[in-house]
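Colleague: I have the sequence and the fold open and would like to talk them through with you. Could we take the strands and then the charged pairs?

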Amino acid sequence: MKRLIDVFVTGCMFFCFCTNGDSPLSGTSEQGNARVAATICNPDLSPSIGTSVTLRRSDYIANTAQSIPDARIYRDAVTGSDGSFIIDSVDTGSYFIEVNDHIANAVLLKCSITTSDTFVAFGKDTLQPYSIVKGKAPSVSPDKKYSVKIDGLERFYEVNPDGSFSAPDLPRGTFTFRITDQTSTEKPHIIPDITTQPGMLTILPGNGWLFFKPVYLNTTSTGAAITSNLYRFPVLIRLNSSNFPFNEAKIDGSDIRFIKTGPDSTQLTFEIERWDAMNNQAEIWVTFDTIYGNSDKKMCIMQWGNPDAAEGVSAGTAFDTADGFGAVLHLSDNITAADATPNRFNGQPSNIEKIRGMVGNAGGFSVINKSHISIENSAGGTLNFPQNGSYTISAWINADSTASNRVIIGKGDLQYYLRIHNLNWHFAEYHDTPSKGWEFTSSPYSFGKWVYVCGVRDGTSQYLYVDGVCVDSSKTLMGDSDGTRTDTFDIDIGRKLQSDGTANLHFSGGIDEVRICTTARNAEWIKLSYSNQCNDNNLVKFDN
């Protein structure tokens, strides 16, 4: 398993790097009289004008006093109107020549000058996006200040009190890092051979986590096939013996982390739904700030292997109410039916069996046992949607018979529901006006397999999705002249609670991943939810 890992943040553009194959042109000279020249382009191939150029010996170490030991081995310049620069009277030795716009791009040229070299010409080269290196000093004393220096570069980075540091503006190259206390009383901690690439994040070992793996999201036509950007989306990451070595992590998975790439590189919020190290199975929900449509570059870093790590992120943060989640019941155990949102609309299971679901475990329901889950205290407030409100109800459903009328999720008998009705998937909302009755959308149902069913109400519009595809966007009124819309009932899963307090239409089969959202999810969100959660899961890809 890699202990040092480079991961893409952006795609790399082609450029000519003289020390990686093509050598600079050179002539002969006496010692101390060499001339170095190059022409530098911006990433759009226009001349890079007025850009900083620094020439340093490859063994140079930055000094806070900025002392200049010898002008022949320590030189600064800027590029001209055509992007070119010339540095005269360079002594013999091995050199790093960095060109940096001090905004977002840099390039590093390397050369070794001998007594026979007069003129070293690199030709044209191109600025590339900054490389980023992050790490943590192995040990720091609280009463001292530490810094990070890089051999051959004019760099001096402060180390944070917790030992972490970031070098966010590096060119492509292979470098030696030196972590030193600023009083120079301790021996420097040297990390050699740190290789960087344009637009890439490099995470150094020594920050407590031993192992890393990139996790990519593929929304192109070869993956989940969505074209729009989605925001604050919880991605399901399934781990098994083929993509994760469970023996390298803590037995309960509490050392697992997911880290953003790029200059931010903060921790992503996540929730472990199930961690079964004995059977090498885990399901984890990781919330990404942005998922880009038609892209296979979005990614994060999964890290593990820290015996001293505390539990990562508590349940509830992956499904935030600010992101439109009203209630999320994974149904992964048949005792609590806990809500994963901060609302804590925890269900009260009655005669529920734990079965294998679409995502980890699921709830098994029986007509004979009158199985159901009641969500207490859900009658008012967040989940009490008004007539013509905006909300989304979804679940994975595995009906085990051809019974024509079964409730999956419902709020009483005269507000809203998702059910099987007359051998159709049925999503409906009860209306008092302008005409009394149920406005419903429907589609033929199937049994004996897991199906993702989602109903969306968006004002006066209504949609039904099956396995990520919209199957009905029309509304049909099922009249009920005797009813009156009632919003005083709690939500039930697996049965319909009637006005007289009795219950009927008990469900038979499996129900998994019940979600009630306080916003009308769009078609791309629903499509990606299905693509990500189904067995194929063509959204998530691992890089070994």
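Colleague: To begin with, how many bridges pair strand 18 with strand 42, and in which sense do they run?

Modeller: Keep in mind that this is a predicted model. In it, strand 18, which covers residues 211-217, pairs with strand 42 over three bridges, and the sense is antiparallel. Within that pairing, Leu217 stands opposite Val540 of strand 42.

Colleague: What sheet do they belong to, and in what order do its strands come?

Modeller: They belong to an open sheet of four strands, ordered 20-23-18-42, with antiparallel pairing. Its edges are strand 20 (257-260) and strand 42 (540-542), each of which pairs on one side only. From one strand to the next, the twist averages 35°.

Colleague: Zooming out, how many helices and strands does the protein have?

Modeller: The protein has one helix and 42 strands. Of its 544 residues, 53% are buried, and the protein exposes about 22,400 Å², of which carbon and sulfur atoms supply 49%.

Colleague: And what share of the contacts join residues at least 24 apart?

Modeller: If you take the contacts between residues at least 6 apart in sequence, 70% of them join residues at least 24 apart.

Colleague: Now strand 7: how many of its residues are buried?

Modeller: Strand 7 spans residues 93-100, and seven of its eight residues are buried, so this strand is largely enclosed by the rest of the structure.

Colleague: Which strands does it pair with?

Modeller: Strand 4 (residues 52-57) pairs with strand 7 over six bridges in the antiparallel sense, and there Leu55 stands opposite Ile97. Strand 8 (residues 105-113) also runs antiparallel to strand 7, the two being joined by eight bridges, with Glu98 opposite Leu108 of strand 8.

Colleague: What lies between strand 7 and strand 8?

Modeller: The two strands form a hairpin with four residues between them, and His102 in the turn has a positive phi of about 55°.

Colleague: Changing topic, how many salt bridges does a search of the whole structure find?

Modeller: The search finds 17 salt bridges. One of them joins Arg35 and Asp88, whose closest N and O atoms are 2.5 Å apart. That pair links distant parts of the chain, since Arg35 is in strand 3 (residues 34-41) and Asp88 is in strand 6 (residues 84-90), 53 residues apart.

Colleague: Why do you count Arg35 as partly exposed?

Modeller: Arg35 counts as partly exposed because its relative accessibility is 36%, which falls between the cut-offs of 20% for buried and 50% for exposed. Asp88 is partly exposed as well, with a relative accessible area of 32%.

Colleague: What about Asp151, buried or exposed?

Modeller: Asp151 is buried, with a relative accessible area of 10%. Its side chain meets that of Arg178 in a salt bridge, at 2.6 Å from N to O. Arg178 lies in strand 15 (residues 173-181) and Asp151 in the loop between strand 12 (146-150) and strand 13 (157-158), so the pair ties together parts that are 27 residues apart in sequence.

Colleague: Last one: which residue meets Arg232 in a salt bridge at 2.9 Å?

Modeller: That is Asp289, whose side chain meets Arg232 at 2.9 Å, N to O. Asp289 is partly exposed at 27% relative accessibility, and Arg232 is partly exposed at 26%. Salt bridges with shared partners join Arg232, Lys260, Asp289 and Asp323 into one network.

Note on methods:
Residues are numbered from 1 along each chain as its sequence is written. This is a predicted model: local features need pLDDT of at least 70, side-chain atom pairs count only at pLDDT 80 or more; totals for chains, interfaces and linings use all residues. Side-chain values use heavy atoms; hydrogens and water are left out. Two strands pair if DSSP finds at least two bridges between them. Axes are lines fitted to C-alpha atoms, for helices over the stretch in contact, and angles run from 0 to 180 degrees between N-to-C directions. A salt bridge is a side-chain nitrogen of Lys or Arg within 4 Å of a carboxyl oxygen of Asp or Glu. Buried means under 20% relative accessible area, exposed over 50%, partly exposed in between (1.4 Å probe, protein chains only). Contact means heavy atoms within 4.5 Å. Accessible areas come from the Shrake-Rupley method with a 1.4 Å probe; for residues, only the protein chains shown count as cover.
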